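Dear colleague,

Please find the structure below, handed over for your records.

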Amino acid sequence: MTMMEEKLLVMHGITKEFPGVRALDHVELQLEKGTVHALMGENGAGKSTLMKILMGIYQPDEGEITLKGQTVKIDNPKKALKMGISMIHQELMPIPDMSVADNIFLYDYPAKKGFVQKSVLYKKTEELFRELGIEGVSSRVFMKELSQAQMQMVEIAKAVSAKADVIIMDEPTSAISDHEVENLFRIICTLRSKGVGILYISHKMDEIFKISDYITVLRDGQYIDSAPSDKLNQEKLVRLMVGRELKSIYDRHPSVTGEVMLEVKHLKCKGVCEDVSFKLHKGEVLGFAGLVGAGRTEIMEAVFGMRKRQGGDIIKEGKKLKICNVRDAIDYGLALASEDRKKFGLFLELSISYNITISWLKHLQKSGIVNRRGEREKAGNLSKDLQIKSSSIKTRVGKLSGGNQQKVVLAKWLLTEPDILILDEPTRGIDIGAKKEIYTLIEQLAREGKGVIVISSEMPELIGISDRIITVHEGAVKGSYTGTEITQERIMMDLG
Amino acid sequence: MKTLQKKKSAVNKILNAYGIFLVLVIMCIVISILSDGRFLAYRNIVNVFRQVSITGILAIGATLILITGGIDLSVGSVLALAGVIAADMAHPESAFPLAVVFLTAVLIGLAAGAVNGALIAYAGAPPFIVTLGMTTAARGMALLYAKGQPIVDFKKSFNFIGQGNLLGIPVPVWILIFITIVSGIILHSTKLGRYIFAVGGNEDAARASGISVKNVKFFVYIYMGALCGIVGLILAARTNTGAPNAGAGYELDAIAAAVIGGTSISGGKGHIAGTVIGMLILGVLSNGLDILNISTYIQQIVKGIVIVLAVLMDIVQTKRD
């Protein structure tokens, strides 16, 4: 214990109570200089509350924060930034119509008598990028022209330019491709070697073990344990997080697949794909693998009537479908749960019951008037079946955790009694317990004879739950694999 | 400690649900005391409702539009256009039956609303700009039609819609009540109402849920157009004039009433009952200050403050939630 590295940040005995719940109960966190420290726990474990306290968004009821040996009080996010604490949010908040350089130096413009010195601005940005090993991003382009991954790098550069020595990264890999993840990790390593302490939040296990030096686990607002990453393995970690053994996350019995349920023939969609064909069978879980941007989401949107098609047929059980918009698709028994549940899936300001019934009101009304009792019943039953955790079905969806929000989206589509479910990244950003529940649900749906299409960027998940996997590369189907043909290597080869 | 907390949360609940209603009640009490009961006289109360009826009908329409995330600035001009044409058709020697006059006014409103709605919903133009254009264009048409002069002198029977009484209650108030109930049912009990909230709450999600966002938007503007036609009739009949410059600024009173009642200007949130309270607050305020002989200049200042305070109160409540 004598010659330990200097503790960069110590959060001690942090307690925070909200009406009715103790979100944090004497939580401990110690971050050392030049290390990556993973903060693990299921949704609702208190990770984000703890980070919000560190950013000065919430004030703790009890406990003490020590930064570089000094006890500090972080009143607000501005003060946190000043003290050298920056956060890269899961949902980035760029200013789209300003340049990359402007976005980085917005709060600290290189200026002379109030006039911005553009050349200095660009030079400083490029220096910063060189220093961090960020490539392929020009300092002069508009932020809106960048990909999600590039924007993230700009955010990191911004944190570094603000002289941050504690950087919080909240699910930084949830919306970027594998290749981009590698890039991100390289930059994280650069930061680490510069002595920056990184607090890393993620649900992806393999990633945690690849990048982190220490792991702290929270469960239900309690501090559970903290250990060097090499002293833990996936099983131990999961046990710490959920407090019980999860036998296997993917507990799948391959289902017996029947005749063709849906056939897509020569689908053409401008800017997405030229000629895509595939079949989905009854009782089948069909996985779609591909890099972010390969066109998986867009292909499904075209099938579901969210995008205009220039050609191709959609055939369900031998019948050609005329899908011009989402309504048609729903009426034909299709359902699509979008990857972006906040944008395309939910009405956050409205209640659980409202959200669940919105696509099925046609059947819950008489001459336009909604049957409220029927609505309550349907929504109540589904929310019980899917174990949506809330005090009532009148609760605003915006108040729910990510996993429960996802269940609301699924409930909404289950209510439409679809034969074909398309689930785009159904487990993104949700905790392991909820993930498991969703896998069970998918299996159950397949067993009922429905056709399920799953798009996922998490390879082990896709392999774990699919009967068959189709690989998509640059808007074209590359291969189709079943049974023992499904291996990570083979799929990766197709995506390369 | 626990019971205290419980009590506190119960008080919060009441404040959240009825906060704006309490403001109205307190206002009424204060004005009654200050006016020695003159405010509470039956005739005066009827008067408040009569005064409220015109902007009230518009506020109901504005509520629906605001919930979809839109805005309609053109209501004042459109109601003037409908008013002058109806007034012209209702002169004593006119051969048009009254029903035709009424129908024409409503159809003119509908047509203007349809133009607004089509440009906003189907062409994707911003509501602020489209209805701003309609404000000028409809006003110009009203002035052109009336040759810049107010049209006066109608059949007696026409005035009934603005000046008549049924069971001791003015006809415009009956119309307001009817429209409030119909709109309340549409907004809070029908499929269409759910869709109106969905469009304003999250347009992308609405589309991905199979809702025809365009048709919903189109509907709220033509509905508002029809209400403008009705208000144009009432106003002309009440003032005995089809004035081409009538109704200026009414759009802002309508929006103010809706916003005071808790409707969000960014869409997805609102309630007809709230709007009713909002219009009554504005009505009681101006009536009360009139009774107390407070100058209209000061009244305007007070009105401005009330609007902003009401919205602030709403923000504080939402935050606490």
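Two residues are said to be in contact, or to touch, if their C-beta atoms, placed from the backbone, lie within 7 Å. This is a predicted model, in which local features need pLDDT of at least 70 and side-chain atom pairs count only at pLDDT 80 or more, while totals for chains, interfaces and linings use all residues. Residues are numbered from 1 along each chain as its sequence is written, and chains are lettered from A and ligands numbered from 1 in the order in which they are written.

The two chains

Chain A contains 17 helices and 24 strands; helices (H or I, at least four residues) and strands (E, at least two) are DSSP runs, numbered from the N terminus. The radius of gyration of chain A is 24 Å, close to the 23 Å that the globule rule gives for 496 residues, so chain A is as compact as a globular protein of that length. That radius is taken over C-alpha atoms, and the globule rule is 2.2 Å times the number of residues to the power 0.38. Along the principal axes, the C-alpha atoms of chain A fill a box of roughly 70 × 50 × 50 Å. Of the 496 residues in chain A, 46% are buried. A residue is buried if 20 or more other C-beta atoms lie within 10 Å of its own, exposed if 12 or fewer, and partly exposed in between, with C-beta atoms placed from the backbone. Among contacts in chain A between residues at least 6 apart in sequence, 69% join residues at least 24 apart.

Chain B has 13 helices and four strands. For its 321 residues the globule rule gives 20 Å, and the radius of gyration of chain B is close to this at 20 Å, so chain B is as compact as a globular protein of that length. The box filled by the C-alpha atoms of chain B is roughly 75 × 60 × 35 Å, taken along the principal axes. Buried residues account for 48% of the 321 residues in chain B. Where contacts in chain B are between residues at least 6 apart in sequence, 79% of them join residues at least 24 apart.

Domains of chain A

The domain assignment of chain A gives domain 1 (7–94 + 146–242) and domain 2 (260–495); such bounds come from an automatic or database domain assignment. The C-alpha centres of these two domains of chain A lie 32 Å apart. Their contact takes 14 residues from domain 1 of chain A and 14 residues from domain 2 of chain A. On the side of domain 1 of chain A that touches domain 2 of chain A, α6 (178–193) and α8 (234–242) of chain A each supply at least two residues. The most comes from α8(A), with three residues. The residues of that side of domain 1 of chain A divide into four nonpolar, six polar and four charged. Here Ala, Val, Leu, Ile, Met, Phe, Trp, Tyr, Cys and Pro count as nonpolar, Asp, Glu, Lys and Arg as charged, and the others, Gly among them, as polar.

Helix α6 of chain A

At 1.5 Å a residue, the 16 residues of α6(A) should span 22 Å, and its end C-alpha atoms are 23 Å apart, which agrees; the expected span is 1.5 Å times one less than the number of residues. In α6(A), the residues A:Glu180, A:Leu184, A:Ile188 and A:Leu191 are buried. Seen down the axis of α6(A), its buried residues fall within an arc of 85°, so they line one face of the helix. The arc is that of the directions from the helix axis to the C-beta atoms. On the other side of α6(A), A:Glu182 and A:Ser193 are exposed. The cover over the buried residues of α6(A) includes β3 (36–40) and α5 (148–161) of chain A. After α6(A) comes A:Gly195, whose phi is positive, near 90°.

Where chain A meets chain B

The contact takes 20 residues from chain A and 18 residues from chain B. On the side of chain A that touches chain B, the elements giving two or more residues are α10 (326–331), α11 (341–345) and β20 (369–370) of chain A. The residues of this side of chain A divide into 12 nonpolar, five polar and three charged.

A:Leu350 lies in the loop between α11 and α12 (352–357) of chain A. With 21 C-beta neighbours inside 10 Å, A:Leu350 counts as buried. Not counting residues up to four places away in sequence, A:Leu350 touches A:Asn355, A:Arg396, A:Val397, B:Phe197 and B:Gly201. In chain B, B:Ala205 is found in helix α9 (residues 203–208), and with 25 C-beta neighbours inside 10 Å it counts as buried. Leaving out residues up to four places away in sequence, B:Ala205 touches A:Lys343, A:Phe344, A:Gly345, A:Leu346 and A:Phe347.

With kind regards
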